[in-house]
Amino acid sequence: MMLQDGSTQLLCLTATSGVPLFTRGASRQLPFSIIGSLNGVHMFGGGQEVVLSSCETEGGGKVVWRVFHDSVMLIAVSGSGHGGAGSGKEKEAHLQRLLENVWNCMVLVLGEEELVNIRNVERLKRDLRSCFNLIDQLLEEKQEGILGNLTHCADSLLPPNPSLVQAAVDGFTQAADSEFGCLLVHGRMVSATEKWWRLAPQEIVLLAALMRTLSASGSSSCDYPVFLPHGSPTVAHRLLRFQLLPGADVCVLCGPTPSLQRAQSGLVVRFWAPLAETLRECLTVGGRCLPASVSLHPDVLAFLLINRETRRSISCVLCSHTTTKPSAAPVLSNGRCWELLKLFYNFSITRYFSQEETLCASQDESAQRNTTEEFVRGFTHQPLQCYLVTEECKSYGLQTAQHQLFLLVPPSVPTFALRTVATQTLTDIVTATGF
Amino acid sequence: MMFNGPADGASFSKNLEDFDSIRSVLLYSDLEPEWLDEIQKNGELFYLELSEGEEDAALIQANACHGVSTNHVRFSEKEAEIIIEQNKKQRCCSRVKGETALKKLARILRRKRRPSQRKGGGGKDGSKDSTALTPPASILKNQPSQRQGVSVQQQQQLKEVCVYLNPKRLGGSSSAPLSDSGGLLEALLGVIHRPSWTRGQGASTVLRQEERLTVHGLIPNSPAIKCGQILIGDALVAVDDVDVTSENIERVLSCIPGPTQVRLTLETVAHVDNGSAGDAPSARRTKSSPPVSQLVRLLWGEDTAELQMSIGHIPHVVMYLSLKLDSTSTQEEEEILYQYPVSDASIQLKAVRGIFLTLCDMLENVTGGRIVSSSLLLGKHLVHVGYWKEGNNLLVVGLPAERVPLLYLQTVLGDVVRTLKVMYGSLDRAFCKSDNTPRLDHFFCLFFQQLIQPSRLRDGSSTPPTDVSVTLFLEGLPAVRWLTLPPEIKVEVDSVLSDFESSDFGEMSEDFFGLRRLYVILGSCLFYKSYLIANHLPKEDLLDVCLYCQHYCLLPLASEQRVGQLVIWREVFPQQRAHSGSSSRSRAVTGFTPPHGRHFLLIVGLRHFMQCVLLEAGGCSSPALAYPGPDCVYVDQVKATLLQLEALEAGIEERLNAPPAPCLSCADWFLPAATARDRLDSVASSSPVLSKLSGTVKGPSSGSRGRSLFGEMSRRCSPQRSLSDSGSEGQMDAGSGSSSSTVAGFSPHSTPDSARKLERRRDSLGSGGSDGSGGSGGLFKTPRMKHPNPFYLGTLKKTLTDRETEEMYTTMKLTSGSENTLFHYVLMDGVQGIFIAPTHRETAQLSGSIHPQLIRNFHHCCLSIRAAFQQSLPARSRRAAERPQGGGWGLGPVKEHGVLFQCKPENWTDQRKPAPTMTYWVIGRMLLEPIPQEFYVCFHDSVAEVPVEMAFRLSFGLAL
């Protein structure tokens, strides 16, 4: 076995010539003979008008192929074993999404032009290195509480006083000659301009991921050229990012003006200095995503709430109360809670609830999507809610016209009470915050 | 000695004498059975004959002893053929003098038919060729007017009508008015043709020597009018592809020796315009509604080409590929050991077999597990390909994704492989022998037809078309559909089976010849109308047998009214027995080594009953040599058993007609009509909806009251018996006892004496004591079945009628609350390998527009739920050794999983109000303790349920 348990390796090759561009993930790279064969079988199928899309092996190993614009081939290989993203369909959906994200991320950094018409492979290889940070972030999913890669919804944080922050973001963006601006706290969207929300959800998620990597680099501000995979894949924009406080970043997408210096010196202080206290409050909200005023049912271990219209999500793991109950035998760690939440989301989405796709760029992409949604469409009636009782916890998912809620509760809660807990949680959050 | 029990009641033994006579007649008459000629050289036999039409089936029931004439069909390697013969039973009861003559005639006819049947396998469009091929023999003169007939075809449409003719009836009804003007055409077929009429009309016809057979009239109640497709004005062109005119029609018809189905070709003048010469054959095909369902024709081996063609646009394939490259082989495509179908459907998938081979070889090293499936896009079609590697060979099955979800592909593939292994021992033995190829073609034709167009197979039959996910789910369960029977019938069925299995009767006993017996009966199971009603086989053997039956659609076949006689004999390789030799576990525990014998499966079906018998040769019986064919003695014994069981048919039918034992509700009742109130949540117990609900539940039960299986079975019997047999009733009483609280709360059904009933129930619960005998496994029966109460058996008939008049009844209700909210359920018992679900009839009774959708949805959801259970389980059964724990399922073991669905009525036109909605749960629960069970239930959302409790309540109905 060449892959470690549950690890995922990403292979990127040129579709026509099979030249490997890069491989990411997994500590040990697959031998080239394997990479070549994986590429070869897909290419051979292409000659017979058969598109190989995925493969599954015993124990949940998975290989997913995808060619983008007939020029770049991405292959994700995931080993079998524990700790992966579920098995079978769930994993396939997960890997499909990963490939899509990786491609978008390459476009974001390099632009579609360079990727679609590859003139100089060596140069492309060099250029692609600048995506590695971002791609690694997508692959590793190290940062807890960021589910945007999976949900294609912007991970959000609800501030205690949203109107104040909103006004500042709007004013700052306008002053920077732009219509696209947003504020991130702990890597989650706090507030953004109206135009920003009109970007494709994938773009919002990717821009947030990009800003997380940029702020992780430690610089206080930067000017980064980005292509928007759906909005403007060939024309670059400037992404200006300023660190307001450690953990709080503001950014705007703009044209040639203003310069980074001008914006930093003139605008940032003017708009954000008065709000320092508000920003600190936002920072204290932290991983909970919700203002302290919103009280949750004490039995909720973790939740993920998606607004299907605005394509935003809030999620958190509340493990505080597990310490108060010493009797509860196996206490779930924070990390395991996040993992279970992701798995349950994937499980529900691939089997029962549909995942909105606002933009399916091309025909073949929508065809690819079909491969994972085949089962959902087999239902004659609409699934509304579902639950899963496992040894570690009980999970509950519900879907309304506007929201999707995924919830984990400890096994001690009786099953018939799950529904009440879930609906109550939903109404509590929605009425308190208007999410 | 029929019963090993010491005390046979007087009335019952009288009954037995009747059976005895049947047995001895069957035994000592040295008639050769009709299937004898059809045994293939490897000993296998697949012999299926249909009883006559539905109306004749009623006749059969009326006088079962009276012989019926039937249509014998033989299934051999390449063709099926119809042999007209008389049923054996008739010969038994009243020997017909002219039997040998008949047989000779039949042989002649068979010889005549062979070419035309062969053509059936190779495509129907060559009908003209075949008429030319058919040797006209001496009687069937090939008419020169054929040319003209062809030219007429272009303007006038031809249609084919199948009718069933029975020359026997002619002789019976009157002393042959055959010499009359109508002749056989009128008497046999019921078509009136008046030569003079035509002559008067057209001058051209006068010139012709032999004139066209225009239909001038139809005789009431004749086959011609019954089929409804022969119209006045049509012209009869051919009978079974033999051209007919007024000249030869009498001779042609007189050649029909016995009852048979003939195909009439008629020229109709109605729709002249749409029939060009090119598509004439296809038009003929689609027009004629086949009186024999496609399924039966497929089983006979007819028609595969046409069925295969109709799914030609959907890619599917099965290939057995060799992973070893043999460069010395001169054969083309030598890596393909087997392939089906060889048509457009498989071209693309065959072309990319390199992908399958490469992936299979490579991926195991990469991800650390064998490849199990891959998904391919062929144009618009998404195809899932399943892999099964065995040794150096690889089985690849490609199926369209819209039919088989990826979640369930593994189960489907696993079942096919197991079936093949049961039939052939191993995949290599199945695929690598070239003489197996036609059989495998047939096998996979059935496989694909069932998955891709199940509705087509069932057309022409009475059962409603089943959705593919229903079949997928139910057949994928490692269990057989079980029908709970009233205990007294169950006891009798079991004792009849045990008698047979003890095989100390007649030639089966060793004393008879003083020789070792040929076969040891390992056990048998009995199906009635596709339900398992008795099983004396170990679970794994039962599953093996059932997989075979499912694959050959024998179960649905028997549920229709059409099986005259079914005899199947073949060597099988039961999986448990084949592997038990290698596993030392069983030996270590019990010190017992199962003998290494050969096993044979004998399936005999008579009408609705079907008995599967597993025989062993070579253990304590004499070893089998070469390829033994079916032994008449054994077949006759099974037949006799089935005839004996037919006496119980009324009781079983009654059970089937009984109101559903756990009450079922129809989904449509919960949807308020367009004018009714909007919500049901707040419906009080006095609401019209509820009364309608309970009324409908009562409705069907009022005709046949008191037949609830679960509640009152024990209460009904005499006090005397419940004293003597109280131990055996523990289970039943415990079941009713546990549900008594819900019964009491169920006001619409409670009767004044309900309190008294409850009282009694508690009594019996206390005295009987449920000692958990429900979990005692299927191998050995509980003692009560071995010692049936003779008194009770003797009064069986009486009690059955008593029950009709009984006024008291209770209804078992699975759900809690005042309303019955249960829609559907499936309970699978993993130890016994059986499952219970509402019977087809119960489901059909709850007709409605939403309900069938709900049933479909339920099964589709169950696919997902069961897949979750399976994935989360540490793999035990299949390829257990290599599979790592957990199987990559990150969520941990799943105990329970539920989904809430919402449905709306279709075509909601009212713009002002939103459509009313109804929500319901589909919940699956897996229990590992005390015995592995899986329970799937579908109920209305208004009441919160605890599925474990429901499963507990229901499982008492499963006592074997």
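Hi everyone. Let's start with chain B, which has 42 helices and 26 strands. Keep in mind as we go that this is a predicted model. Chain B has 960 residues, and 59% of them count as buried. If you take the contacts in chain B between residues at least 6 apart in sequence, 73% of those join residues at least 24 apart.

Here is one residue from that chain to look at. B:Glu492 sits in helix α23 of chain B, which covers residues 487–502. Is B:Glu492 buried or exposed? Its relative accessibility is 6%, and the cut-off for buried is under 20%, so B:Glu492 counts as buried.

Now let's go to a place where chains A and B meet. Helix α1 of chain A, residues 32–47, packs with helix α17 of chain B, residues 353–367. As a reminder, two packed helices are described by the angle between their axes and the distance between the axes. For this pair the angle is about 155° and the axes are 10 Å apart. Angles over 145 degrees count as roughly antiparallel, and therefore α1(A) and α17(B) are roughly antiparallel to each other. Their crossing is left-handed.

Which residues make the contact? From α1(A) we have A:Ile34, A:Ser37, A:Leu38, A:Val41, A:Phe44 and A:Gly45. From α17(B) come B:Gly354, B:Ile355, B:Thr358, B:Leu359, B:Met362, B:Leu363 and B:Val366. Sorted by class, the contact has nine nonpolar residues, four polar ones and no charged ones.

On to the sheets in chain A. Five strands there form an open sheet, in the order β8-β7-β11-β10-β9, with antiparallel pairing. The edges are β8 (188–192) and β9 (221–228), and each of these pairs on one side only. From one strand to the next, the twist averages 30°.

Inside that sheet, have a look at β10(A), residues 232–245, and β11(A), residues 248–254: seven bridges pair them in the antiparallel sense. Helix α11 of chain A, residues 276–285, lies across β7 (180–185), β8, β10 and β11 of chain A, and it runs at about 100° to β10(A).

My last stop is strand β12 of chain A, residues 302–307. How many of its six residues are buried? Six of the six are, so β12(A) is largely enclosed by the rest of the structure. A:Ala302, A:Leu304 and A:Ile306 point one way, A:Phe303, A:Leu305 and A:Asn307 point the other way, and all are buried.

What does β12(A) pair with? One partner is β13(A), residues 312–317, joined to β12(A) by six bridges and running antiparallel. There, A:Ala302 has A:Val317 as its bridge partner. The hairpin of β12(A) and β13(A) has four residues between the strands, and in this hairpin A:Arg311 takes a positive phi near 55°. Another partner is β16(A), residues 403–409, again with six bridges to β12(A) and an antiparallel run. In β16(A), the bridge partner of A:Ile306 is A:Gln404.

That's my tour, so over to you.

How values were computed
Residues are numbered from 1 along each chain as its sequence is written. Chains are lettered from A and ligands numbered from 1 in the order in which they are written. This is a predicted model: local features need pLDDT of at least 70, side-chain atom pairs count only at pLDDT 80 or more; totals for chains, interfaces and linings use all residues. Side-chain values use heavy atoms; hydrogens and water are left out. Axes are lines fitted to C-alpha atoms, for helices over the stretch in contact, and angles run from 0 to 180 degrees between N-to-C directions. Helices (H or I, at least four residues) and strands (E, at least two) are DSSP runs, numbered from the N terminus. Angles under 35 degrees count as roughly parallel, over 145 as roughly antiparallel, 65 to 115 as roughly perpendicular and the rest as oblique. A crossing is left-handed if the near helix is turned anticlockwise from the far one by less than a right angle, and right-handed if clockwise. Contact means heavy atoms within 4.5 Å. Ala, Val, Leu, Ile, Met, Phe, Trp, Tyr, Cys and Pro count as nonpolar, Asp, Glu, Lys and Arg as charged, and the others, Gly among them, as polar. Two strands pair if DSSP finds at least two bridges between them. Buried means under 20% relative accessible area, exposed over 50%, partly exposed in between (1.4 Å probe, protein chains only).
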